[in-house]
Amino acid sequence: MAEYILEMKHITKEFPGVKALDNVNLQVKPGEIHALVGENGAGKSTLMNVLSGTYPFGTYTGDIVYNGEECQFKTLHDSEEKGIVIIHQELALIPELSIGENMFLGNERKGHFGIDWDKTYHEAGEHMRQVGLKEEATTLIKDIGTGKQQLVEIAKALSKNVKLLILDEPTSSLNEEDSKMLLDLLLDFKKKGMTSIIISHKLNEISYVADKITVLRDGATIETIDNEQHNIDEARIIRGMVGRELSDRYPAREHNISDKIGMEVSGWTVYHPIYSEKKVVDNVSFNVRRGEIVGFSGLQGAGRTELAMSIFGRSYGANISGELKIDGEKKELKNVRTAIESGLAYVTEDRKGNGLILEESIARNTTMARLEKVCSKGIINVDKENAVAEEYKEKLRTKTPSVQQEVGNLSGGNQQKVLLAKWMFADPEVLILDEPTRGIDVGAKYEIYCIMNDLVAQGKSVIMISSEMPELLGMCDRIYVMNEGRMVAEMPASEATQEKIMSAILQSDKK
Ligand SMILES: Nc1ncnc2c1ncn2[C@@H]1O[C@H](COP(=O)(O)OP(=O)(O)OP(=O)(O)O)[C@@H](O)[C@H]1O
């Protein structure tokens, strides 16, 4: 057998104005789990898109040798035929179709009279068993959580006879339990001889699963570290990624919490927009002071996003009741516009669905929530708009050749930065951040934390919803815990631990 199952040699790929990959090399041995790490915009996704034929042969330079054979993939289908399957950051499943239908979409199991449904569901069931997915193959995708959807994608890859599985940030929207399950599944596949490449910003997960770690920086290969030989710690990976030591993950802050309450919510109840009997948020009360960062912890489905969105101008839910006060004054925020005018901002976890217009420029997306701030006499002052966008580009170190670039062309993490810029420019008094560092590299995370510190230093209030407990513990003054739509605990961050938070959740489950 050849030493390497995959060799990518001298790969260079350019987009207008950006050299996304500059002479990149990657060597992967059969049966290993190979991690690709690097800052946002380093070129990780682009490299995998070259490999999978998403960027066809001819649009890049360099060679791909797979199983000893030189490959010139023109489509995704070409690479799949060789057993190379890529699972993207944003899952490509169709919510209204069943697990089985999704699994064989475009690759249907045919009988004499069209699709053979018995065969479809039988085979789907087999692959679901291989990934430990305990559901019926006829269950609709929209009725299962993200963790299980990710397993469906992997089962789908198995149905295509995958030999080299590529996962682009597979755990970014999974909770800790689902992430662990997925990583253990990869380790299990490895024992059976499968090769995987995994892109992730979660360095603890990389240290846990990866045999080798290749670091990309600014479109170039920096190094490949052997985790088996050296048992790599996170600090070592960070050094490779950002080219310097990052001694502290969370910037220090002078605690200057005022007695004044910035926002107070009492008895907040929200019903599901379609299943009108279902309470998604149940009689929740909380507050955040000026100068304070308050964290919201909980498992997926705890109702935190729904709570935040329903407060933010009734962007979610039906039959919303409860009282909301901003700076002691009772408010009725009937829509997003009144919410923004009342000094509230919500940075969504779903940047594509809710936050950004991908076909628009970075500049327009930055000013969108408060266009009037760059208008004179009702007309947008383009110079002013560009200057604002430039300022935030510098502040957040957004990687782009120009603020005129369409947001859709940015890497995932850089899109997140534009979303943050948009809401910072809105200059809110109360800022709700929903998973603000998802898909963000370690260096940029630090910068986002610094911005949060700046905001509270100016006397604003910040609420952070996060599924990463270390981040909540590292950044917040106070932590609320939600479970199944209810508020189940509140504690000062100084007294909080991961165990205490988990036990509050588990205790409330028993009630
Ligand atoms: N279609 C495109 N048009 C123009 N530029 C692009 C396009 N796709 C990617 N780029 C640019 O190429 C560079 C590499 O992007 P890529 O998505 O590969 O980064 P990444 O390492 O995967 O980042 P992240 O961790 O944020 O997902 C970025 O500067 C990005 O803006």
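**Notebook: ligand shell, cores and strands**

I sorted the shell around the ligand by class: five residues are nonpolar, twelve are polar and two are charged. I note that this is a predicted model.

Next I asked which residues come nearest to the ligand. Of the 19 around it, they are F15, N40, S45, S411 and G413. I also looked up which elements supply the shell. Strand β2 (18–28) gives at least two residues, and so do α1 (44–51) and α15 (412–425).

**Cores**

I turned to the largest nonpolar core, which has 71 residues. L344, I432, V462, I463 and M464 touch the most other members. Helix α15 gives this core its largest share, seven residues.

I then picked L344 and left aside its neighbours within four places in sequence. What is L344 in contact with beyond those? I found F312, I326, L333, A339, P428 and V430. Another core, of 62 residues, lies apart from the largest one. Its members include F104, V131, L174 and L182.

**The β1–β2 hairpin**

I followed β1 (residues 6–15) into β2. The two strands run antiparallel and are joined by seven bridges. Opposite E7 I found Q27 of β2. Two residues sit between the strands of this hairpin, and G17 takes a positive phi near 80°.

I stopped at N23, which lies in strand β2. N23 is not a glycine, yet its phi is positive, about 60°. For comparison, most residues other than glycine have a negative phi. Is N23 buried or partly exposed? I counted 14 C-beta neighbours inside 10 Å, so N23 is partly exposed. A buried residue would need 20 or more.

**The four-stranded sheet**

I traced an open sheet of four strands. The order is β14-β13-β16-β17, with antiparallel pairing. Which strands are at the edges? They are β14 (279–289) and β17 (329–330), each pairing on one side only.

I checked β16 (residues 318–326) against β17: they pair in the antiparallel sense over two bridges. K325 stands opposite K330 in β17. Helix α10 (residues 304–311) packs on this sheet and touches β13 (261–271), β14 and β16. The direction of α10 makes about 70° with that of β14.

My last stop was R314, in the loop between α10 and β16. R314 is a residue other than glycine with a positive phi, near 55°.

Definitions and conventions: Residues are numbered from 1 along each chain as its sequence is written. This is a predicted model: local features need pLDDT of at least 70, side-chain atom pairs count only at pLDDT 80 or more; totals for chains, interfaces and linings use all residues. A residue is near a molecule or strand if its C-beta atom, placed from the backbone, lies within 6 Å of it. Ala, Val, Leu, Ile, Met, Phe, Trp, Tyr, Cys and Pro count as nonpolar, Asp, Glu, Lys and Arg as charged, and the others, Gly among them, as polar. A nonpolar core is a set of buried Ala, Val, Leu, Ile, Met, Phe, Trp, Tyr and Cys residues joined through C-beta atoms within 7 Å. A residue is buried if 20 or more other C-beta atoms lie within 10 Å of its own, exposed if 12 or fewer, and partly exposed in between; C-beta atoms are placed from the backbone. Two residues are in contact if their C-beta atoms, placed from the backbone, lie within 7 Å. Two strands pair if DSSP finds at least two bridges between them. Axes are lines fitted to C-alpha atoms, for helices over the stretch in contact, and angles run from 0 to 180 degrees between N-to-C directions.
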